[in-house]
Amino acid sequence: MKAARLYGPGDLRVDDIAAPGIPDVGWVKLRVDAAGICGSDLHNFRTGQWISRSPSTAGHELTGTVIALGDGVDTVAVGDRVVADSRFWCGECAQCGAGRRHLCASLGFVGEVCDGGFAEQAVLPARLLHVIDAAIDERVAAMAEPLAVALHAVRRLPKTAGSVLVVGCGPIGGLAALLLSRTFAGTVLVADRNQARSARVARVTGAKIVDLDRDAIAAATGNTPLLAAVEATGSIAAFNQLLSILDDGSALAMVGIFHGRLDIDPNLLVEREIALLGCHAFADELPDAIEMLGELSEPLLALIDREIGLDDIPAAYERLSAGESDGLKTIIRMRQPVEPA
Ligand SMILES: [Zn+2]
Ligand SMILES: [Zn+2]
């Protein structure tokens, strides 16, 4: 079978390898139906930061159909369509015991600590699989994981009045804008240097596009306070700019992955009572995100950038790393579309 495997920083190859055999006890073999490329895949490709095995099949945003069960598996059955939990949690540490699996002491991610979804087949522990409604389009199902990440970030924000600003219209920022547009009472604003991308997100979600500028934001919100924001760029410059724009007493959910270091006066956070909320993956939001897939199918499909095959992944990494995308999500689609009769 084909698999896109990461060998080291900047070295991703599509290899022809043996398909996995009978799954181990507690593990399940899937035919991968679709998988999404994530910003963290690109970060790993660029820096090699999280490469713990080489080569490893990348891809943690995946949906598939169960084709074989290891011994002892009774939570899924052959033929079930499933979405994978990307967090490879242990289930034994204090954080896991307290239900905070995203903060597991030995947390890893699918596609890093075990092979992931950029292959025709994948083998995963049954505990990471959630059965989905068979009617859900596989491209939509592949977006359940990033939707859970966005949902976690949105839920980390306090329920404030006023406006909310999402900086960065990549996958997580765009999905956060989509969720906020359905749940947030005030004005939802989006900002992105890539105008095609912010235009697409605004069109799909109804959010207002603004520049990262106090006057522009005051004009867009009718001077309502800006008390909540989602930082989804990972840009130090955007982060600093955002701090200067937020009103005092605000909260900032941080989901972007940064390259570089911050240099801020901590007293600024103290005196202005600005809360920085780190948001790592998701806590228990994946089942809720899966529940929303049917209702959000149309906007989710409208946010897809391109559909590609496994052979196209290295080129897609290059293209996305260069920032050449006007959509949110590149989907590797392997399940054959169902032709109308
Ligand atoms: Zn991801
Ligand atoms: Zn744990």
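Q: Which residues line the largest cavity?
A: Its lining is made of Leu6, Asp41, Asn44, Ala58, Gly59, His60, Val110, Gly111, Glu112 and Tyr317. A cavity here is a set of points on a 1 Å grid over the protein atoms alone where a 1.4 Å probe fits but cannot get out, and lining residues have an atom within 4 Å of a point.

Q: Before we go on, what kind of model is this?
A: This is a predicted model, where local features need pLDDT of at least 70, side-chain atom pairs count only at pLDDT 80 or more, and totals for chains, interfaces and linings use all residues. Side-chain values use heavy atoms, with hydrogens and water left out, residues are numbered from 1 along each chain as its sequence is written, and chains are lettered from A and ligands numbered from 1 in the order in which they are written.

Q: OK, what volume does the largest cavity have?
A: About 50 Å³, with volume taken as the space filled by probe spheres set on the grid points, which are joined across faces, edges and corners. A search of the whole structure turns up one cavity of 30 Å³ or more.

Q: Is histidine 60 buried or exposed?
A: Buried, with a relative accessible area of 4%. Glutamate 61 is buried too, at 1%. (Buried means under 20% relative accessible area, exposed over 50%, partly exposed in between, with a 1.4 Å probe and protein chains only.)

Q: New topic: in what order do the six strands of the open sheet come?
A: They run β13-β12-β11-β14-β15-β16, with parallel pairing. β13 (208–209) and β16 (275–278) are at the edges with a single partner strand each, so one side of each has no neighbour in the sheet. Strands are DSSP runs (E, at least two residues), numbered from the N terminus, and two of them pair if DSSP finds at least two bridges between them.

Q: How many bridges link β11 and β12?
A: Four, between residues 163–167 of β11 and 188–191 of β12. Valine 164, for one, has valine 188 in β12 as its bridge partner.

Terms used
1 Å grid on protein atoms, 1.4 Å probe; cavity = no way out; pocket = protein on both sides within 12 Å on 5 of 7 lines; lining within 4 Å.
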